[in-house]
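Here's a quick briefing for anyone opening this structure for the first time. Have a look around, then read on.

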Amino acid sequence: MEKSYTHSRTREHRLKRNKRRLLFVAILLFVIGCITLIVLKVSDSKPPAQTLEQAKKTDTVSNAKPTGKPTAESNGKAASHKDEAGVEDVAFVEKYLNQQMLGQMPDGADGKKVAYLSFDDGPSVTVTPQILDILKKQKVKATFFVVGKEADENEHTKNIIKRIVAEGHAIGNHTYSHNYKYLYPHKTVSTNNVMQDIEKNNQTLKSILGPDFSTRAIRFPGGHMTWKKNDPKGMGALDAALLKKDYHQVDWNVLTKDAEGPSKKANGLINQFIKTVKGREKAVILMHDTYGKEETAKALPTIIEYLKKQGYEFKIMK
């Protein structure tokens, strides 16, 4: 009897132990299954490594702060000026001449010879077309500092302005009136009168060349250096007004003297040019294309050939 009871207890104990083992295995399998399922879900939710890297790059771009530097797309004209061969930023020329006049070594001095042919006081129906023909034949470009009232004279002068631009030359602003009494009353600089005359000239040029035309290049009748000496305070005020509108004035460091002193023949103009261009790395050459300057047109081919032989590159100013 006792033996039978003991055997029964042993079997019961064995069954309970087996049940606990089965329960433990079941729980263990359940836990492993849950963990496996979680791992699979997490793995499926992660993008490949390349996609993550791309996402980081996209986030960097989208959150990047603007640098303040214009791109070619956002800056339009300025960028094209910078990239276009044969075109110089007029701000560079302004700074170069100013430093040179102060007896300083210009920041832009780099050993490269550059010639900037410039013509003032036009257009004229007599001389400007001759000069354009010569420039076309010689395959060089120039900057024309235009007087508004001369450009607005008639259809012929307006067509000359259009031709200047169509043939790849630059237009600079030489005021509308070129009237010393108005611009410099009592031999002082009138900021108001000069700025009004510059803007009037701009509007005249826009009416001829279209509303998108603009120029940053300014040349004062008589020259900046002359009026700065005569009226430093007045010219200082005018310089500040120009700066606000991103205008840049350019004088010259080479001239033929075709507007100074008595009239000269072509040879005299050439000799004066050679005398003043000597030693110039960046040569800003002053000439005139207004009425009565036929000798300038005659001298121009020799001047261009001389510059070519001396190794100068030709650029326009914008």
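Helices here are DSSP runs of H or I with at least four residues, numbered from the N terminus. Keep in mind that this is a predicted model. We'll start with the whole chain and then zoom in on one helix and a neighbor.

**The whole chain**
- The protein chain has 14 helices and 10 strands.
- Of its 318 residues, 39% are buried.
- Take the contacts between residues at least 6 apart in sequence: 80% of them join residues at least 24 apart.

**Helix α10**
- Helix α10 covers residues 191-209, and at 1.5 Å a residue its 19 residues should span 27 Å; the end C-alpha atoms do sit 27 Å apart, so the two agree.
- Its buried residues include Val 194, Met 195, Ile 198, Leu 205 and Ile 208, and also Asn 193, Asp 197, Asn 201, Asn 202 and Thr 204.

**Where α8 meets α10**
- Helix α8 (residues 155-166) and α10 have axes that come within 10 Å and cross at roughly 80°.
- Angles of 65 to 115 degrees count as roughly perpendicular, and α8 and α10 are therefore roughly perpendicular to each other.
- On the α8 side, Lys 158, Ile 161, Lys 162 and Val 165 meet Leu 205, Ile 208 and Leu 209 of α10.
- Sorted by type, the residues of this α8–α10 contact are five nonpolar, two charged and no polar.

Notes. Residues numbered from 1 in each chain as written. Predicted model: local features only at pLDDT ≥ 70, side-chain atom pairs only at ≥ 80, totals over all residues. Heavy atoms only, no water. Helix = DSSP H or I, 4+ residues; strand = E, 2+ residues; numbered from the N terminus. Expected span 1.5 Å × (residues − 1). Buried < 20%, exposed > 50% of the residue type's maximum accessible area, 1.4 Å probe, protein only. Axes fitted to C-alpha atoms, helices over the stretch in contact; angles between N-to-C directions. Parallel < 35°, antiparallel > 145°, perpendicular 65-115°, else oblique. Contact = heavy atoms within 4.5 Å. Nonpolar A, V, L, I, M, F, W, Y, C, P; charged D, E, K, R; others polar.
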